[in-house]
Each structure stands twice: as structure tokens, then as C-alpha cells.
Amino acid sequence: MSFMRGDLITKTRKLVKGFAKTEPVWLKSMEKAPPATFPRPQNKLRQITLPEDTYVNKFFQKHPDSKFEDPIKISGFDPPAARLFAWRVLELKEDGVDEDDAVAMADNEYRAERKGRKKAYARLKEIAKLQGKKPPPNPYSSAIKEIQAEERKFISDRFYNPRSREIVEKLKQDRAAMLTDRR
């Protein structure tokens, strides 16, 4: 029925009039009280844009490596650094600062914050070394390092877990059987 235009009632009515289908029981009641029809969009859906999106793009042009260093935590409440940068630029613009100056000021603040984080962690490592303790994990590690730390247990599990070895052996046997069947 996809080749016909119209809704379900119109299509069914055409099929009944053309003797392609017997009249269903529900047709008359649906003609008396048809379901609500919703307007269809004229064109494709427009992309949602926020006022800060242009500044987020500028941030990523200036700092392309921050996509990997500043992780976007889906389940977290802290916004990503690019979003904070853009909000700061908008805040400065509302205060009457020129756009270029606002971008430069927000960029300097971002760089100072990153530098401060690195210095703080370096100081933590120094203190741990002086106390003879193991240095704490980096609280500001990159997203790639965080992902690798999460995956590390699965990598070792892949080689030493007997269940994983059984699965690998079964896959090898299935592949060998498939190759012999193909011949």
C-alpha cells in the first residue's frame, strides 16, 4: 500500500472501491471519527544551534588536541572545556568587551587554568616523592589515558581468562571448518 498517497483510511477506501479488499469492520467508524493528523515538515529538520556554538568551533580550531585531552563525560555534570570557553566569551561580550578581545581573554584564562592544573599535579608528585610514597594518579589525565585505564583490565583478561581462550579456540575451529567446507 506504500504506492498510494494518503493516510490509512484513504488507502483502505481505495482498495475497497477497487474490489481489492473486503470492507473492514472498522472503516465506517473511522470515517465518522478519523484520527488526528499532524502536519508534516516541509523540508528537512533544521539543525539545532546554540548561541555559543560558533565559539565552541573557534575553540576547537585553536586547540584541536583538547578534543582528546578534555573528555566529555556523558554521565557527568561538568560541561566540557569548549563549552565553558564559549560561555565565558558570551559573558565578556555582554559586559561590553569586543569579540576578538573576549576570545583572547577567554583563551588566556583557559591556558592559565591548564597550566595551573599541571603545576598542581607536579607539586603533588613532588610531595609524594619527598614522603617516599607512590605519586597519586593524575586527576587531570587525558580522555585517551582514562579510556586506556578502563580497558587495561579487559586486555589482560583477554590473554589469561580461560573462558576467553575457549571462545578463541571455538572461533578458530569454526573458521577451519568453514574453509574446509568451502573447498
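Let's start with Ile-147: its relative accessible area is 45%, so it counts as partly exposed (buried is under 20%, exposed over 50%, partly exposed in between, with a 1.4 Å probe and protein chains only). You'll find Ile-147 in helix α7, residues 143-160 (helices are DSSP runs of H or I with at least four residues, numbered from the N terminus). Ile-147 lies 17 residues from Leu-130 in sequence and 30 Å from it in space, C-alpha to C-alpha.

A word on the model: it is predicted, so local features need pLDDT of at least 70 and side-chain atom pairs count only at pLDDT 80 or more, while totals for chains, interfaces and linings use all residues. Residues are numbered from 1 along each chain as its sequence is written, and side-chain values use heavy atoms, leaving out hydrogens and water.

Now for Glu-52, which sits in the loop between α2 (27-32) and α3. Its relative accessibility is 9%, so Glu-52 counts as buried. Its side chain makes a polar contact of 3.1 Å with that of Trp-87 (a pair of N or O atoms within 3.5 Å; within protein, one must be able to donate a hydrogen and the other to accept it, and residues adjacent in sequence count only if both atoms are side-chain atoms). Beyond its neighbours within four places in sequence, Glu-52 touches Arg-83, Ala-86, Trp-87 and Leu-90 (contact means heavy atoms within 4.5 Å).

Next, look at helix α3 (residues 53-62) and helix α5 (residues 81-94), whose axes come within 8 Å and cross at roughly 125°. Residues meeting there include Phe-59 in α3 and Val-89 in α5.

How values were computed:
Axes are lines fitted to C-alpha atoms, for helices over the stretch in contact, and angles run from 0 to 180 degrees between N-to-C directions. Helices (H or I, at least four residues) and strands (E, at least two) are DSSP runs, numbered from the N terminus.
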